[in-house]
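Grab a pencil and try each task before you look at the solution.

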Amino acid sequence: MKAVITGATKGIGRAIAIKLWQEGYDLLLAARGIKELEKLRDELFMTGRTVLIYAMDCSVKQEVYQFLDHAESAFGFVNVLVNNVGTFLPGSLLDEDDEIFEKQQDLNVNASYYISKFFGKKMRSEKQGHIFNICSVASKGPVKNAGSYSVTKTAMLSLNHVLRQELAPHNVKVTAFLPGSTKTSSWEGTTIPDEKFVQPEDIAETLYTILNLSKGVNVDEVLITPLDF
């Protein structure tokens with residue numbers, strides 16, 4: 001089994017990469033920083049198993065398409081796609097520079113659109129596969145001081161729904177994760193205790209459980225939030 005994970009070196013992406021590796025998946029990991037990718041690859045290294053890495057800026061369409069060409073030639077058919085890459089830039093939608101919205105649009109929506117189309121077509125042809133989109137609680141309603149983020153994460157959830165509708169007749173599953181506050185690098189330096197957060201490993205464990213459900217069931221959305229934030 002093979003999986004592609006974007007935003008693979010930190011937080012949720014890293015936890016998913018480790019979990020799927022532990023469960024026997026070959027991996028193609030993509031992120032911006034080559035040194036962090038190399039470090040993760042070295043941590044996962046095992047003879048007879050494949051961990052490929054690819055450094056790119058997912059906000060640049062040309063780089064995304066170069067990555068997809070590489071994936072096709074070097075990795076072959078992919079059983080699982082995890083669209084995890086994204087960014088959170090806080091601020092007021094009315095007061096921010098246009099570039100704040102555009103950056104989040106490129107990373108939170110456009111990259112997943114390009115990548116999902118590419119792998120989704122191949123899954124459709126093979127009549128198998130599973131796409132996971134890491135959205136946010138902000139996909140369901142605006143988060144204070146996160147206007148553009150909320151808009152783009154809502155769009156990502158809509159993308160998820162369309163993919164699910166179009167791929168379901170071809171036996172391809174599509175699932176959205178909607179995490180609340182999750183202990184990732186964006187919370188670095190916080191004094192809030194860990195038990196007030198969703199842990200990245202919680203999402204990884206849940207994702208793997210979903211992968212092992214019966215063939216005829218699709219988990220449409222997973223809303224996972226801290227018990228008492």
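Predicted model: local features only at pLDDT ≥ 70, side-chain atom pairs only at ≥ 80, totals over all residues.

Residues are numbered from 1 along each chain as its sequence is written, and side-chain values use heavy atoms, with hydrogens and water left out.

**Exercise 1.** Find the salt-bridge partner of R14 and say which parts the pair ties together.

*Solution.* Start with the rule: a salt bridge is a side-chain nitrogen of Lys or Arg within 4 Å of a carboxyl oxygen of Asp or Glu. R14 pairs with E43, with the closest N and O atoms 2.7 Å apart. (Helices are DSSP runs of H or I, at least four residues, and strands are runs of E, at least two, numbered from the N terminus.)

**Exercise 2.** R32 forms a salt bridge with D57; is D57 buried or exposed?

*Solution.* First, the distance: the closest N and O atoms are 3.4 Å apart. Then the cut-offs: buried means under 20% relative accessible area, exposed over 50%, partly exposed in between (1.4 Å probe, protein chains only). D57 has 15%, which makes it buried, while R32, at 53%, counts as exposed.

**Exercise 3.** How many salt bridges does a search of the whole structure find?

*Solution.* The search gives nine. One of them joins E221 and K140 at 3.0 Å, N to O.
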